[in-house]
Amino acid sequence: DKVRLVPLLVHVMKKSIDELFAEEETDTLTCLTDRWRFSRPFIDEFLAPFLEGIYLTPLDQQSSRMFHFVFKMFSVGNVSLPRRGIGAVSDQL
């Protein structure tokens, strides 16, 4: 599955945001299984918890266009956690 991330990464990096949103739309689960051929364990154990944590909705109800956009943003942007872990966010609030 790690190798399958490469074509996905190349795809989102080569396309503009407008081009990603102009692509044919499906749900994210179908996109991950049919287009990118990720295994069910990889989806169930990593991608689903991660993406469902962002959208608060199951993969089969998420837009493939939004998935590509979010994957692109995480790939080009800076992602970080507080020094004392994610629990520090709720402590601060």
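The model is predicted.

**Entry 1: helix α1**

I began with α1, which covers residues 2-14. I checked its length against its residue count. The 13 residues should span 18 Å at 1.5 Å a residue, and the end C-alpha atoms are 19 Å apart, so the two values agree.

Next I asked which residues of α1 are buried. I found Leu8, His11 and Val12. They cover an arc of only 90° around the axis, which puts them on the same side of α1. On the other side I noted Lys2, Val3 and Lys14, which are exposed. I then looked for what the buried residues pack against. Their partners are α2 (17-22), α3 and α5.

**Entry 2: helix α4**

I repeated the length check on α4, residues 40-55. A straight helix of 16 residues would span 22 Å at 1.5 Å a residue, but α4 spans only 20 Å between its end C-alpha atoms. Where does α4 bend? I located the bend at Leu47, and it is about 45°. A proline, Pro49, follows within four residues.

I looked up what covers them.

**Entry 3: two residues with positive phi**

I looked at the loops on either side of α4. Arg37 is in the loop between α3 (28-35) and α4. Its phi is positive, about 60°, although Arg37 is not a glycine. Is Arg37 buried or exposed? I read a relative accessible area of 53% for Arg37, which is over the 50% cut-off, so Arg37 counts as exposed.

I placed it in the loop between α4 and α5 (64-76). Leu56 is not a glycine either, and its phi is a positive value near 60°. I read a relative accessible area of 76% for Leu56, so this residue is exposed as well.

**Entry 4: helix α5**

I listed the buried residues of α5 as Ser64, Phe67, His68, Val70, Phe71 and Lys72. The elements that cover them include α1, α2, α3 and α4.

**Entry 5: Ser64**

I picked out Ser64, which is in helix α5. Its relative accessible area is 2%, under the 20% cut-off, so Ser64 counts as buried. Which residues does Ser64 touch, not counting those up to four places away in sequence? I found Glu24, Glu25, Thr26, Asp27, Thr28 and Cys31.

**Entry 6: α3 against α5**

Two of those contacts, Thr28 and Cys31, are in α3, so I looked at this helix pair next. Two packed helices are described by the angle between their axes and the distance between the axes. I looked up both values. The axes of α3 and α5 come within 7 Å and cross at roughly 75°. The two helices are therefore roughly perpendicular to each other.

Last, I noted which residues meet between them. From α3 these are Thr28, Cys31, Leu32 and Arg35. From α5 they are Ser64, Phe67 and His68. I checked these three against my α5 list, where Ser64, Phe67 and His68 are buried.

Notes: Residues are numbered from 1 along each chain as its sequence is written. This is a predicted model: local features need pLDDT of at least 70, side-chain atom pairs count only at pLDDT 80 or more; totals for chains, interfaces and linings use all residues. Side-chain values use heavy atoms; hydrogens and water are left out. Buried means under 20% relative accessible area, exposed over 50%, partly exposed in between (1.4 Å probe, protein chains only). The expected span of a helix is 1.5 Å times one less than its number of residues. The arc is that of the directions from the helix axis to the C-beta atoms. Contact means heavy atoms within 4.5 Å. The bend at a residue is the angle between axes fitted to the seven residues ending there and the seven starting there. Axes are lines fitted to C-alpha atoms, for helices over the stretch in contact, and angles run from 0 to 180 degrees between N-to-C directions. Angles under 35 degrees count as roughly parallel, over 145 as roughly antiparallel, 65 to 115 as roughly perpendicular and the rest as oblique.
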